[in-house]
Protein chains: 2
Amino acid sequence: MSQYTLVHGDILYSDTSDTLACYPDSWMVIRSGLIEAVEPVKPDIEGAKVRDYGHQLILPVFSDLHFHSVQYAMRGLGRDKELLPWLQTYTFKEEACFANIEYAERVFKQLLNELWTEGSFNLCTFSSLHLEATLLLMDMYEANEFRAYVGKVNMDSNDPILVEDTEASFEDTKRWIEESRALKYTKPIITPRFAPSCTPKLLANLGRLVEEQQLPVQTHLNENHGEIELVAELFPDYDNYYDVYRKNGLTPEGKTVMAHCIHNTKPELEAMKEDKVLIAHCPASNVNLSSGIMPLRDMIDQGFLIALGSDIGGGDRLFIGHAIVDAIRSANILSIVHEGKVAPVTFPEAYYLATAGGGSFFGKTGTFKPGYSADYIVVDDSCWPATNRYDLSERLEQFIYAGSGDRITERCMRGNLIAKPYSSL
Amino acid sequence: MSQYTLVHGDILYSDTSDTLACYPDSWMVIRSGLIEAVEPVKPDIEGAKVRDYGHQLILPVFSDLHFHSVQYAMRGLGRDKELLPWLQTYTFKEEACFANIEYAERVFKQLLNELWTEGSFNLCTFSSLHLEATLLLMDMYEANEFRAYVGKVNMDSNDPILVEDTEASFEDTKRWIEESRALKYTKPIITPRFAPSCTPKLLANLGRLVEEQQLPVQTHLNENHGEIELVAELFPDYDNYYDVYRKNGLTPEGKTVMAHCIHNTKPELEAMKEDKVLIAHCPASNVNLSSGIMPLRDMIDQGFLIALGSDIGGGDRLFIGHAIVDAIRSANILSIVHEGKVAPVTFPEAYYLATAGGGSFFGKTGTFKPGYSADYIVVDDSCWPATNRYDLSERLEQFIYAGSGDRITERCMRGNLIAKPYSSL
């Protein structure tokens, strides 16, 4: 039997970081889960299976490079607070609930259903500090064929509600990595919450583990002025905030995700570029918590690797279209504030970040070039009154700005269609 | 038979412009479509009908004080353009389609379904310049019990695609007002598109009509620098942009809605306050089209009457929760940019604008005080995992930030439950 699948529809993906490739009424050739080609004419392949989506849009799955799976239930709360008081008032209390595995399962089921609905399948996410909840979360992502890096959070300092013993934190981390080794699509990522919640000893131990086991790392960086001052106070012997992670071996080259990166110093930027850090830009969260506005235009122009994050629960909504729009709007605002001296960010640029840009952290996913994993969503916009007058890129823009997961009719990972995770909910 | 209806649930509304009144597990007493009281204990009224919503939230309906009903099909498009080129490239072409009454009906049905879904029932909206489409739109709002001011747009100047003859524009306007006189819930509002699209003669004629028939007025003001320069060029004999409307009798006291009002001069602000103008703040649209950021904090503190507008299609989404969030975020950004010297806008303040603030333009609607129209929506957030740990104001915040119309289970206007307008779509 042929291993080929032919997928027909209006196909669209990021060609470069600022251009879209549009293939109306075209065919995607999939072989053993990988894309071989996208062609305007139906290829003649004997025995190939056909999935015909008519004039629906076929797009890469979305990548969400920074969010907290355990903050799903408290998204949208505490918007009158900045980072540190927000953590104390809402976040740590909510995360403490994940000691209860039944509660954890209830939240995770809803979260996975919504991620599926919204078409986000390439994920880099924080769990809580709890070993059992983290392993459950990984099993659930795995069973539903998401491609996920999941981090058991390390935090042994500076919070009375949610804190680990330094030794126990490290032992749990090693056990978690051991126990998640067998998973195929879901991988552990070392996750010190942020520098202020870790002792130097724990950071150093985690860094050695990263080196020994060649693990990736995710954490927060330069989000909020209060946080940056706290780091300077707690770690006076380091050059800067990024240096705390770097000197402890927590910035492995090409395998590090840093969320936010709003208020960076020049030496930090230079080091991050050297380390090929992926920056997870979270525009909604940054404005919600009055953290600041990341200079996206400038960071793109400087050649940084950038992706988008919903940052649930500092952000509010999982549909990554919101992150695309919020990124463009934040860049527009910087342009307005600087009276046009800073250029805005275009739609194709922001869309790239949310698909191919984020996807690059996982390997070949997020666009439809030959050799990439056949990871796509199908969008039916035929009910919208003016669809037939607009071209593919306009239809994409309308879906991102005005649509949501309720327009997505099919999800496919590695060539396989993905059913709703918990359809009885 | 008793005219009383008792409504039970977790009741919440704006008490003042910056405080919420929260009545958990309480009762709203409705008599002949008007609210008599909200009470914590079930009143003993013989024969009263009971609607028991358990622990669902009962909230005032939303007010959307500025959007273009005829731009629904093109929302989310052309976000790389500023106002004037955006109008030329997308908007006027789309509005020209409303000469076709079948197309108009198709768009309006979808629009009304979505307004119903999202709980927006107090509306101030632009139609196109077409008489027939405008009358159809008004009939449809009326039949579905929305409370709407609808404007046939006047534009007899400065656009090659979409333009009326000066005399015909005025004659059509008079006929439109005559023909819509019999409607009960839907009322005409004089709607010069904006100064640049009207000749001085048409403006003067419209102003006389406003005076003669005691009509309200809506239009655009001080949205974009290019627009403001164009007005100065076209109307050199007026003191400022607002003065063009005012000297022509188009700012009737307490009956005028001005959309945007971003770049105002001091004399304009003074005149607007004198005229009791309602300012329709459209934060999403203003950032989408790089128009600027309205100084909301300052305008509230100066005592202006303010409401929110989705501004479809300069804005993208009808759920007015987005306008609330975008208003807070825009105010946060001004606070960030001015390094904390400008205070942010609180959640209760922004929520007020979207309910009671906007409602004030229509009479007694938008909050639940005695004598107000019983206009409410019911929100079921019980599926969310942490609902039972949060108080009413936190649940409201979560619904606004992370929810949408799909959590609304019932809509009521004037005490009557409202069915979905076009349920077969």
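**View 1. Neighbouring strands in a sheet of chain A.** Two strands pair if DSSP finds at least two bridges between them. In this predicted model, strand 7 (residues 147-151) of chain A and strand 9 of chain A are joined in the parallel sense over three bridges. One of the residues to look for is Ala148(A), whose bridge partner in strand 9 of chain A is Thr186(A).

View 2. Four strands of chain A, in the order 5-6-7-9, make up an open sheet with parallel pairing. Strand 5 (62-68) and strand 9 (186-188) of chain A stand at the edges, and because each has a single partner strand, one side of each is left without a neighbour in the sheet. From one strand to the next, the twist averages 20 degrees. Helix 12 (residues 347-359) of chain A packs on this sheet, where it touches strand 5 and strand 6 (120-126) of chain A, and the direction of the helix makes about 85 degrees with that of strand 5 of chain A.

**View 3. Helix 3 of chain A and its surroundings.** Helix 3 (residues 131-143) of chain A has 13 residues, which at 1.5 Å a residue should span 18 Å, and this agrees with its end C-alpha atoms, which are 18 Å apart. Of these 13 residues, 10 are buried, so helix 3 of chain A is largely enclosed by the rest of the structure. Among the buried residues are Leu131(A), Leu135(A), Met138(A) and Glu142(A). The buried residues of helix 3 pack against strand 5, helix 2 (101-118), strand 6, strand 7, helix 4 (166-179) and strand 9 of chain A. After helix 3 of chain A comes Glu145(A), which has a positive phi, near 65 degrees.

**View 4. Asp172(A) in helix 4.** Asp172(A), which lies in helix 4 of chain A, is partly exposed, with a relative accessible area of 25%. When its neighbours within four places in sequence are left aside, Asp172(A) is in contact with Leu131(A) and Lys152(A). Although Asp172(A) and Glu132(A) are 40 residues apart in sequence, their C-alpha atoms are 9.7 Å apart in space.

**View 5. The two chains as related copies.**

View 6. Asn332(B) belongs to helix 11 (residues 320-337) of chain B, and because its relative accessible area is 4%, under the 20% limit, Asn332(B) counts as buried. Its side chain reaches the backbone oxygen of Val287(A) at 2.9 Å. Beyond its neighbours within four places in sequence, Asn332(B) is in contact with Val287(A), Asn288(A), Ser290(A) and Pro344(B).

**View 7. Asn288(B), with polar contacts in both chains.** Asn288(B) is placed in helix 9 (residues 283-288) of chain B and is buried, at 2% relative accessibility. Its side chain makes a polar contact of 3.0 Å with the side chain of Arg329(A), while another polar contact of 3.0 Å joins the side chains of Asn288(B) and Asp316(B). Leaving aside neighbours within four places in sequence, the residues in contact with Asn288(B) include Asn332(A) and Tyr401(A), as well as Arg79(B), Lys81(B) and Gly314(B).

Technical notes:
Residues numbered from 1 in each chain as written. Chains lettered and ligands numbered in written order. Predicted model: local features only at pLDDT ≥ 70, side-chain atom pairs only at ≥ 80, totals over all residues. Heavy atoms only, no water. Helix = DSSP H or I, 4+ residues; strand = E, 2+ residues; numbered from the N terminus. Buried < 20%, exposed > 50% of the residue type's maximum accessible area, 1.4 Å probe, protein only. Polar contact = N/O pair within 3.5 Å; in protein donor to acceptor, adjacent residues only side chain to side chain. Contact = heavy atoms within 4.5 Å. Axes fitted to C-alpha atoms, helices over the stretch in contact; angles between N-to-C directions. Expected span 1.5 Å × (residues − 1).
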